[in-house]
Amino acid sequence: MRTSIIPMLALAAAVSAAPGPSRVSEIVGRASTCTFTSAASASASKKSCSTIVLDNIEVPAGETLDLSSLQDGTKVIFRGETTFGYEEWKGPLIRFSGSNIEITGEEGHVINGGGASWWDGKGTNGGKDKPKFFYAHSMTDSSITGLNVKNTPVQAFSVQADNLVLDSITIDNSDGDDNGGHNTDAFDVGESTYITISNANVKNQDDCLAVNSGENIVFTGGYCSGGHGLSIGSVGGRDDNTVKNVTISDSTVTNSANGVRIKTVYEATGEVSDVTFSNIELSNISDYGIVIEQDYENGSPTGTPTTGVPITGLTVEGITGSVESDATNVYILCGSGSCSDWTWSGIDLTGGKTSSKCSNVPSGVSC
Ligand SMILES: *[C@@H]1O[C@H](CO)[C@@H](O)[C@H](O)[C@H]1NC(C)=O
Ligand SMILES: *[C@@H]1O[C@H](CO)[C@@H](O)[C@H](O)[C@H]1NC(C)=O
């Protein structure tokens, strides 16, 4: 395995020759750019590097590309193809933590989860044990920009962070459409504050975004195809059951089960407040254009809503486009009094059925 630690004197030349975010003037204290070609050397030496290049790393089966506990201010650059050996296990395949971390990828890089080896149509509901892909846990004041991800075994990004920007990330799991890809959520956000996910490009087979808990979260400029749409929830029954101040805007959802969705858990407690869905274009939606329901249990709707996770201060505006003819344009199933203070405007969805099962719909809202 080739591992070069380029000393300070050589750094100016190395940096000027390579594209990327590094500037010599920013490198203070730890005097090196480290180029790693193995996961083991990256994990072992990560703390002595101010910039880490992950160069065509083949991560061994059953191991994590472990970039947790990075030094404050570390920059990390993916180069070439990152691959992972096959083993049935829970993962994650990649883990980052630290403060002021900047993660990017060079032009032409790909992080290839090799999902086809695990895909069996069962996702996390059975069959093979499948590794989670990327944990962005305990990251603060950090950014992940421009990563190009392909074929995750199951869920892609698990975000538990504070003040993290995820910009221009591509996740292409479309190989899994006819090949057993399942539960390949793109971004699962929980126990987080100040998260911005912008300009994501997602092709997958489950939620494009799922916010289970957290505050001050933005998803904007996204393209979501093949999955279950843009979701809040399910909320309830976890350690943290508060979703507050979430804005999902200026995005496209196509070839998906749902457009926009909120689901809360049957007989659980918690709250969903100050959520905005704005300017979202839908096409080829198979189940629901807009769906808000307070009846989830073990991942399925019960049909009976409960009131323990109220949904208040919801704004839904500018949701347009078409759904399939056997889909439902809008479905709202609230408990008595547990949905209130909603603003509803510019909803123009065509092609689907009008629901006859809406209940406790707040005033001013049409279902
Ligand atoms: C809501 O979240 C946004 C985005 O993080 C933030 O800028 C804004 O200050 C938050 N609003 C409140 C009332 O906390
Ligand atoms: C519509 O979306 C489904 C997935 O929900 C997909 O299988 C189908 O090919 C899409 N149809 C078109 C015309 O793109």
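A residue counts as buried under 20% relative accessible area, as exposed over 50%, and as partly exposed in between, with a 1.4 Å probe and protein chains only. By that scale Cys358 is partly exposed, at 22% relative accessibility. The model is predicted: local features need pLDDT of at least 70, side-chain atom pairs count only at pLDDT 80 or more, and totals for chains, interfaces and linings use all residues. Residues are numbered from 1 along each chain as its sequence is written, chains are lettered from A and ligands numbered from 1 in the order in which they are written, and side-chain values use heavy atoms, with hydrogens and water left out.

**Overall fold**

- The protein chain contains two helices and 29 strands; helices (H or I, at least four residues) and strands (E, at least two) are DSSP runs, numbered from the N terminus.
- The radius of gyration of the chain is 22 Å, close to the 21 Å that the globule rule gives for 367 residues, so the chain is as compact as a globular protein of that length.
- That radius is taken over C-alpha atoms, and the globule rule is 2.2 Å times the number of residues to the power 0.38.
- Along the principal axes, the C-alpha atoms of the protein chain fill a box of roughly 70 × 40 × 35 Å.
- Of the 367 residues of the protein chain, 52% count as buried.

**Disulfides**

- The count is four disulfides, where a disulfide is a pair of cysteine sulfur atoms within 2.5 Å.
- With the bonded cysteines of the protein chain numbered in sequence order, the pairing reads 1-2, 3-4, 5-6, 7-8.
- One of the disulfides joins Cys34 and Cys49, with sulfur atoms 2.0 Å apart; this link is left-handed, with -100 degrees about the S-S bond.
- Cys34 lies in strand β2 (residues 33-36) and Cys49 in the loop between α2 (39-45) and β3 (51-55), so this pair ties together parts that are 15 residues apart in sequence.
- Cys34 and Cys49 are both buried.
- Cys334 and Cys339 form another disulfide, their sulfur atoms 2.0 Å apart, and the link is left-handed with -90 degrees about the S-S bond.
- Cys334 is buried at a relative accessible area of 0%, and Cys339 is buried at 8%.
- Cys358 is joined to Cys367 by a disulfide with an S to S distance of 1.7 Å.
- The torsion about the S-S bond of Cys358 and Cys367 is about -40 degrees, so this disulfide is left-handed.
- Cys367 is partly exposed, with a relative accessible area of 29%.

**Ligand 1**

- Around ligand 1 are Tyr194, Asn216, Val218 and Asn245, each having a heavy atom within 4 Å of the ligand.
- By class, this shell has two nonpolar, two polar and no charged residues.
- An oxygen atom of ligand 1 lies 2.4 Å from an N or O atom in the side chain of Asn245.
- An oxygen atom of ligand 1 is also 3.3 Å from a polar backbone atom of Asn216.
- The protein covers 40% of the 360 Å² of accessible area that ligand 1 has on its own, with areas from the Shrake-Rupley method and a 1.4 Å probe.

**Ser278**

- Ser278 lies in strand β23 (residues 271-297) and is buried, with a relative accessible area of 16%.
- The side chain of Ser278 makes a polar contact with the side chain of Glu317 at 3.0 Å.
- A polar contact is a pair of N or O atoms within 3.5 Å; within protein, one must be able to donate a hydrogen and the other to accept it, and residues adjacent in sequence count only if both atoms are side-chain atoms.

How values were computed: Ala, Val, Leu, Ile, Met, Phe, Trp, Tyr, Cys and Pro count as nonpolar, Asp, Glu, Lys and Arg as charged, and the others, Gly among them, as polar.
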